[in-house]
Amino acid sequence: MPIILNEVKQAQHIIAKGKIGNKPTSTLFLLGKYYRQKENFNREVTFLKLNDFMQQHYKNYNSALWEDIIENISKKADKYSLREIEFIGITQNEMDKISETENLKYQQLLFTMLCYAKLYNLISENNNGWVNTSIPELFKIARVSTRYKKDKFLYLNDLEKAGFLSFSNKNNNLNIQITFVDMIGTPVFHICDFRELGYEYLNYIGNGKFIRCSECKQLVKKTNNKCLYCNTCAKEIKNNQNKKYYQKHLGK
């Protein structure tokens, strides 16, 4: 699952919509944390709630195959704190620093890494600007593509030479530290969704046309005036419409 800032709201949304998602184990773990820590259910009740959720919303669910997984989640879900962060605030000083490079791809990368660094600063007071995210993931979320794998490291080396970031001194550690994190200034930009940070940056600076999916609120490129949903939600809505149509006309 992508980074979720407010896991309580996300869990409530999942329960209300009955959406398992593409990674059911991750969804169950999030719900397990919610049931144990917010609803204060014990291990046994949490197991029953998770099992019931799967029975209702997971196609061809086989409880025997999932029993050990759900039992393990119910046991451990109270050991990992639920995250309740409303937003990551980006200051004008940070935006000005990013704009010092004229390369738009570099700007998207810097913004994405900055958001991760500030998130982990909020989670741990000892983080000190470290990004703690894999390089492929950063490029993916930043919406920055490269022709060759080695180009990713060339981009990062350029940014290091310009003083925007530094690398860990430990061997075999590719972690990155952002050098211009501002945790004191007043935010001018609030990030509430980590799914499309590259798009969030482009949308903020007015580069391109974007909309928020009417269903899941993910930021997506606007392809036409009728565009209302992201691809995932559009496919799901169409499938549901087709299902209702066949049920109505075929009597099933």
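Predicted model: local features only at pLDDT ≥ 70, side-chain atom pairs only at ≥ 80, totals over all residues.
A residue counts as buried when its relative accessible area is under 20%. S74 has its place in helix 4, which covers residues 63–76. Leaving out residues up to four places away in sequence, S74 touches R36, R43, T46, F47 and L50.

The protein has 252 residues, and 40% of them count as buried. Ten helices and six strands make up its secondary structure elements. Along the principal axes, the C-alpha trace spans about 65 × 45 × 35 Å. Contacts between residues at least 6 apart in sequence were also examined. Of these, 59% join residues at least 24 apart.

Helix packing was examined next. Two packed helices are described by the angle between their axes and the distance between the axes. Helix 6 comprises residues 104–123, and helix 9 comprises residues 197–205. Their axes come within 9 Å. The crossing angle is roughly 115 degrees. The crossing of helix 6 and helix 9 is right-handed. On the helix 6 side, the contact is made by L104, Q107, Q108, F111, T112, C115 and Y116. On the helix 9 side, L197, G198, E200, Y201, L202 and I205 take part. By class, this contact of helix 6 with helix 9 has eight nonpolar, four polar and one charged residues.

Helix 6 also packs against helix 7, residues 135–142. The axes of helix 6 and helix 7 come within 9 Å and cross at roughly 115 degrees. This crossing, too, is right-handed. Helix 6 contributes Q108, L109, T112, M113 and Y116. These meet E137, L138, F139, I141 and A142 of helix 7. The contact of helix 6 with helix 7 divides into seven nonpolar, two polar and one charged residues.

Aromatic rings were then considered. A pair of aromatic rings is described by the distance of the centres and the angle of the planes. The count comes to 13 aromatic pairs. One of them is formed by Y58 and Y61. This pair is edge-to-face, with 6.5 Å centre to centre and 85 degrees between the planes. Y58 counts as partly exposed, because its relative accessibility is 28%. Y61 counts as buried, at 16% relative accessibility.

F164 and F180 form another edge-to-face pair. Their ring centres are 6.2 Å apart, and the planes stand at 80 degrees. F164 lies in the loop between helix 8 (149–161) and strand 2 (165–167). F180 lies in the loop between strand 3 (176–178) and strand 4 (187–191). The pair therefore ties together parts that are 16 residues apart in sequence. F164 is buried, with a relative accessible area of 4%. F180 is buried as well, at 11%.

Ring pairs also link F111, F189, Y201 and Y204 into a cluster. Of these residues, F111 belongs to the helix 6 side of the contact with helix 9, and Y201 to the helix 9 side. A charge sits over a ring at F139. There, K152 lies over the ring face, at 5.5 Å from the ring centre.

K149 is found in helix 8. Its relative accessible area is 66%, so K149 is exposed. K149 and P136 are 13 residues apart in sequence. In space, their C-alpha atoms are 9.0 Å apart.

T186 is found in the loop between strand 3 and strand 4. T186 is exposed, because its relative accessible area is 65%. Leaving aside neighbours within four places in sequence, T186 is in contact with T91 and Q92. T186 and Q92 are 94 residues apart in sequence. Their C-alpha atoms, however, are 7.8 Å apart in space.

Key. Residues numbered from 1 in each chain as written. Heavy atoms only, no water. Phe/Tyr/Trp six-rings, centres within 6.5 Å; stacked < 30°, edge-to-face > 60°. Buried < 20%, exposed > 50% of the residue type's maximum accessible area, 1.4 Å probe, protein only. Helix = DSSP H or I, 4+ residues; strand = E, 2+ residues; numbered from the N terminus. Lys NZ or Arg CZ within 6 Å of the ring centre and 35° of its normal. Axes fitted to C-alpha atoms, helices over the stretch in contact; angles between N-to-C directions. Left-handed = near helix turned anticlockwise from the far one by under 90°. Contact = heavy atoms within 4.5 Å. Nonpolar A, V, L, I, M, F, W, Y, C, P; charged D, E, K, R; others polar.
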